[in-house]
Amino acid sequence: MERYPIRVVLKDDSKVMIRPTEGADADDLLKFFSKMPSSDLLIYTGDLPELEGKEDWFISDLYSKLLILVALRDSKIIATGTLHKEGLYWLDAAEIKIIVDPQNRGKGIGSKLFKHLLFELFRMRMRKVIVRYTPDNVK
């Protein structure tokens with residue numbers, strides 16, 4: 001993933017860095033998800049019935065993810081998006097799931113993550129995409 005990290009400018013002229021997750025991100029991802037309203041985690045329902053918390057899906061090696069991107073401000077994760085194939089019936093399809101910290105919504109972070117994940121999906125020659133996000137993620 002030589003094109004990452006990338007610095008992007010948001011609607012409010014603030015800047016964030018987008019990059020793939022690294023091994024050291026596991027604790028920060030758990031912190032990020034522990035602060036999310038449980039209603040936001042509903043997009044992961046059915047992904048991991050065996051694991052204790054839905055946020056574990058992001059750090060578990062049991063479920064293959066093609067790519068996980070995080071958006072960081074001052075080294076703090078404020079949004080994340082995944083590209084994965086788990087549980088899909090089509091060989092040429094992938095699913096995108098995006099969650100943005102409620103305090104950072106409406107600034108375009110989710111849109112930036114989506115564009116980068118979609119770009120990577122096409123680079124992998126996927127032809128179908130399913131996108132999941134919570135309705136209040138859109139402002």
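Okay, let's start on the outside of helix 1: D27, K31 and S34 are the exposed residues on the face turned away from its buried side. Before I go on, keep in mind that this is a predicted model.

So which residues of helix 1 are buried? In this helix, which covers residues 26-34, they are L29, F32 and F33. If you look down the axis of helix 1, the buried residues fall within an arc of 90°, so they line one face of the helix.

Count the aromatic pairs here and you get 1. That pair is F32 with F33, and the arrangement is edge-to-face, with 5.1 Å centre to centre and 85° between the planes. Both F32 and F33 are buried, as I said.

Now over to the strands, and strand 5 in particular. Why do I call strand 5 largely enclosed by the rest of the structure? Because 8 of its 8 residues, 93-100, are buried. And that holds on both faces: A93, E95, K97 and I99 are buried on one side, and A94, I96, I98 and V100 are buried on the other. As a reminder, side chains in a regular strand alternate between the two faces of the sheet.

Who are the neighbours? Strand 4, residues 76-84, pairs with strand 5 in the antiparallel sense, over 6 bridges. One place to look is G81, whose bridge partner in strand 5 is I98. Then there's strand 6, residues 128-132, which runs parallel to strand 5 and is joined to it by 5 bridges. Here you can look at K97, whose bridge partner in strand 6 is R132. To get from strand 5 to strand 6 the chain goes through helix 2, residues 109-123, and this β-α-β crossover is right-handed.

Last topic, the nonpolar cores. The largest one has 22 residues, and I18, L69, L83, I109, L113 and L117 have the most contacts inside it. Two or more residues each come from strand 1 (6-9), strand 2 (15-20), strand 3 (65-73), strand 4, strand 5 and helix 2. Which element gives the largest share? That's helix 2, with 5 residues.

Note on methods. Residues numbered from 1 in each chain as written. Predicted model: local features only at pLDDT ≥ 70, side-chain atom pairs only at ≥ 80, totals over all residues. Heavy atoms only, no water. Buried < 20%, exposed > 50% of the residue type's maximum accessible area, 1.4 Å probe, protein only. Helix = DSSP H or I, 4+ residues; strand = E, 2+ residues; numbered from the N terminus. Pairing = 2+ DSSP bridges. Right-handed = clockwise from strand over helix to strand, strands pointing away. Arc of directions from axis to C-beta. Phe/Tyr/Trp six-rings, centres within 6.5 Å; stacked < 30°, edge-to-face > 60°. Core = buried A, V, L, I, M, F, W, Y, C linked by side-chain atoms within 4.5 Å.
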